[in-house]
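The following briefing concerns a model with ligands, arranged by topic. Please read it alongside the sequence and the structure.

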Amino acid sequence: MLKINNLHARVEDKEILKGINLTVNAGEVHAIMGPNGSGKSTLASVIAGKEEFEVTKGEVFLEGENLEDTAPEDRAHKGVFLSFQYPVEIPGVSVTNFMKTAINESRKAKGLEDMPAKDMLKLIREKSELLEIDRKFLSRSLNEGFSGGEKKRNEIFQMAMLEPKLAILDETDSGLDIDALRIVANGVNKLKSKDNAVIVITHYQRLLEYIVPDYVHVLHNGKIVKSGDKDLALELEEKGYDWLKQEAAV
Amino acid sequence: MAYTEEELKKELETKEYEYGFYTDIESDTFPNGLNEEIVIAISKKKEEPEWMTLWRLESFKIWKEMVEPEWANVRYEKPDFQAISYYSAPNKKPKYNSLDEVDPELLDTFKKLGISLDEQKKLAGVAVDIVMDSVSVATTFKKTLAEKGIIFCSISEAIKEHPELVKKYIGTVVPQKDNFYAALNSAVFSDGSFCYIPKGVKCPMELSTYFRINQAGTGQFERTLVIADEGSYVSYLEGCTAPSRDENQLHAAVVELIALDDAEIKYSTVQNWFPGNKEGKGGVYNFVTKRGLCEKNAKISWTQVETGSAVTWKYPSCILKGDNSIGEFYSIAVTNNYQQADTGTKMIHLGKNTRSTIISKGISAGKSQNSYRGLVQVNSRAENARNFSQCDSLLMGNECGAHTFPYIEAKNKSAQIEHEATTSKIGEDQIFYCNQRGIDTEKAIALIVNGFSKEVLNKLPMEFAVEAQKLLEISLEGSVG
Ligand SMILES: Nc1ncnc2c1ncn2[C@@H]1O[C@H](COP(=O)(O)OP(=O)(O)OP(=O)(O)O)[C@@H](O)[C@H]1O
Ligand SMILES: [Mg+2]
């Protein structure tokens, strides 16, 4: 599904990613953990194609295709989805209208007609039920005045609508209350299949109890310094990152 | 989606008019320049009664004494008023012999707009009074309207057929001496529309006029007069387009609205005149005076979407003379490249319990300058006047400017005036967010701009709103590198 080779990226003069190697196969769940500022969100943005970051070395492959010259919207059309750590507000554009535009743009890129309104409504109903979202919510301006938790739930609603191949969830758990976390995690699990893959970026073991990862990676200072199975997350919860930082420094 | 040449040609042949063609209509055009003889000649040409001729001459005299205003936040090369021809009338209906006559860039715009005039007419029964160059060429739906006693015709026709109405109202809301361009218009106005809704009549359809500027170097001076008699209602749509031309074209229209007791007038404009090319060359100068007078319990709403013109100078205003009268102004002004717009409104509260609402959305891109200029004036006798103003500016890039000049003059202590203003920028983060969801940058901007303008778009009649949204998209194309 996703293959990242020796990826280096920087913004302005600052090198943030310093040689990332990662392979994610279809059907897998990977967790990425690591201290604040280690480069987790940057990695997610680079995979999604944010132009602010300059890739200086290495490459990202999606289903064998080098994404180097692929615009962010085209990556989205190919099935990359990013649940943002800080979702952006777009005043005056309703969630429904935004989703309708997003879906129809993807369809257009695939040479399909706009989705008929009837199907769109059905899809919206189905997915909003999955995430227990009040339909009234969907006529509000995108993320404007949403609470932190509402924003995150809305991100996963969008993921459910777009049914991506590769979903990257950047700290989707932070801001969610206990019930919301369960609902959102449950939603993600329902969307999981043998044909898609999920990368969850998180600081907490708690989410991983619901969305059980096949692999856990620790990112530190722009590099993956340790990989393991789900037990690594437990170990981190217990011991923190210091021991890994020291190991990495050696 | 793509048109073939054949399809396009066929469509053109069946259409009376489409967005701003330059055609080879034989027109009878006056020599350049302006003097008393020309004013008299215009009046004669139009077979006007003497009172009209005299009114024009009086206006000309006033205009000669005036100087062009300089206070607006716009910079442009002043038109040479002696280099303009003041009259041009088409001799026959347009005929398109070949596609070569049509500016390809313009054809492209039609395609993007995707809405034909015919379609528009079909939608919700829009009656169209087409103003081509300076003379009305066709008026439709006239019969249906006549049955209700509604008069909807060219102003020239009204001067001949309904002189008592024209004489009674023309110049009562925008006097000849009101301003430089209004005086000029009063002297030389070539044509325009006239509309009268009798007492208690609700006009059953949206009335619509399409303007165009056609002949090279012909200034267009439209004069519109809308009278809604007691308890009547009318919704009036005005849309304008112009062909790409290399020289500046002057447009100085005057629109007067009169809403008598308990009457309501909704006046919507979508303006898309040639804004000049990317280097800022060419484009229309749009200096318009629009004003409405509200008698007791009357209401006037101005809604405008301004995307065109090189220089726009325009302040649709309401004089709230009658007690309990209401004035509204909803505006979207988009400037791109080197466009300059200085637009806004004046709400003059004279009567008691008068209310006004101003919602202005300015969108600036490229190297453009976009100014909102608004005056809320509360007279000493206007007890309990209320105003709410909201001016929002959206900037794209670092080279454009947005300016807000709100003036408030309250001479009555009971006045409640609220003003809110915001300025925001389309952020990289917003665009990336949209991109990430599969929406390309061009579309993302359109989405964000439409969201920003929503409160005003919602005020437009349905079929106009669709066109307006597309215009917003087109006019901002290429605004982000
Ligand atoms: N646009 C930018 N300009 C300058 N520095 C940046 C920029 N974006 C990210 N950085 C820096 O890059 C480093 C990595 O940031 P990133 O957001 O990827 O961290 P993170 O691992 O997601 O952290 P957190 O756990 O706090 O979310 C940080 O030091 C950050 O300040
Ligand atoms: Mg982060």
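Ligand 1 is surrounded by 16 residues, the closest being A:Gly37, A:Lys40, A:Ser41, A:Thr42 and A:Glu52; a residue is near a molecule or strand if one of its heavy atoms lies within 4 Å of it. The model is predicted, so local features need pLDDT of at least 70 and side-chain atom pairs count only at pLDDT 80 or more, while totals for chains, interfaces and linings use all residues. Residues are numbered from 1 along each chain as its sequence is written, chains are lettered from A and ligands numbered from 1 in the order in which they are written, and side-chain values use heavy atoms, with hydrogens and water left out.

**Shell around ligand 1**

- By class, the shell holds four nonpolar, eight polar and four charged residues; Ala, Val, Leu, Ile, Met, Phe, Trp, Tyr, Cys and Pro count as nonpolar, Asp, Glu, Lys and Arg as charged, and the others, Gly among them, as polar.
- Both β2 (14–24) and α1 of chain A supply at least two residues each to this shell, and the largest share, three residues, comes from α1(A).
- Helices (H or I, at least four residues) and strands (E, at least two) are DSSP runs, numbered from the N terminus.

- The side chain of A:Lys40 has an N or O atom 2.7 Å from an oxygen atom of ligand 1.
- For A:Lys14, a polar side-chain atom is 2.9 Å from an oxygen atom of ligand 1.
- In A:Gln85, an N or O atom of the side chain is 3.0 Å from an oxygen atom of ligand 1.
- On its own, ligand 1 has 640 Å² of accessible area, and the protein covers 68% of this area.
- Accessible areas come from the Shrake-Rupley method with a 1.4 Å probe; for residues, only the protein chains shown count as cover.

**Magnesium site**

- A:Ser41 (OG) and A:Gln85 (OE1) coordinate the magnesium ion (ligand 2) at 2.0 to 2.1 Å.
- These two residues link distant parts of the chain: A:Ser41 belongs to helix α1 (residues 40–48) of chain A, and A:Gln85 to the loop between β6 (80–83) and β7 (90–94) of chain A, 44 residues apart.
- Donors are N, O and S atoms within 2.8 Å of the metal (3.2 Å for Na, K and Ca); water is not among the atoms, so sites may look incomplete.
- A:Ser41 is partly exposed at a relative accessible area of 27%, whereas A:Gln85 counts as buried at 17%.
- Buried means under 20% relative accessible area, exposed over 50%, and partly exposed in between (1.4 Å probe, protein chains only).

**Loop residues with positive phi in chain A**

- A:Glu12, a residue other than glycine, has a positive phi near 50°; A:Glu12 sits in the loop between β1 (2–11) and β2 of chain A and is exposed, with a relative accessible area of 71%.
- A:Asn221 likewise has a positive phi near 50°; the loop between β11 (215–220) and β12 (223–228) of chain A contains A:Asn221, which is partly exposed at 44% relative accessibility.

**Chain B as a whole**

- Chain B contains twelve helices and 23 strands.
- Chain B has 481 residues, of which 61% count as buried.
- Of the contacts in chain B with a separation of 6 or more, 85% involve residues 24 or more positions apart; contact means heavy atoms within 4.5 Å.
- The accessible surface of chain B is about 18600 Å², and 49% of this surface belongs to carbon and sulfur atoms.

**Two buried residues of chain B**

- B:Ser186 is part of helix α9 (residues 180–188) of chain B and is buried, with a relative accessible area of 1%.
- A polar atom of the B:Ser186 side chain lies 2.8 Å from the backbone oxygen of B:Ala182.
- Not counting residues up to four places away in sequence, B:Ser186 touches B:Trp55, B:Arg56, B:Ser59, B:Gln176 and B:Arg223.
- B:Ile151 lies in strand β5 (residues 151–154) of chain B and counts as buried at 15% relative accessibility.
- With residues up to four places away in sequence left out, B:Ile151 touches B:His162, B:Leu165, B:Phe194, B:Cys195 and B:Tyr196.

Terms used
A polar contact is a pair of N or O atoms within 3.5 Å; within protein, one must be able to donate a hydrogen and the other to accept it, and residues adjacent in sequence count only if both atoms are side-chain atoms.
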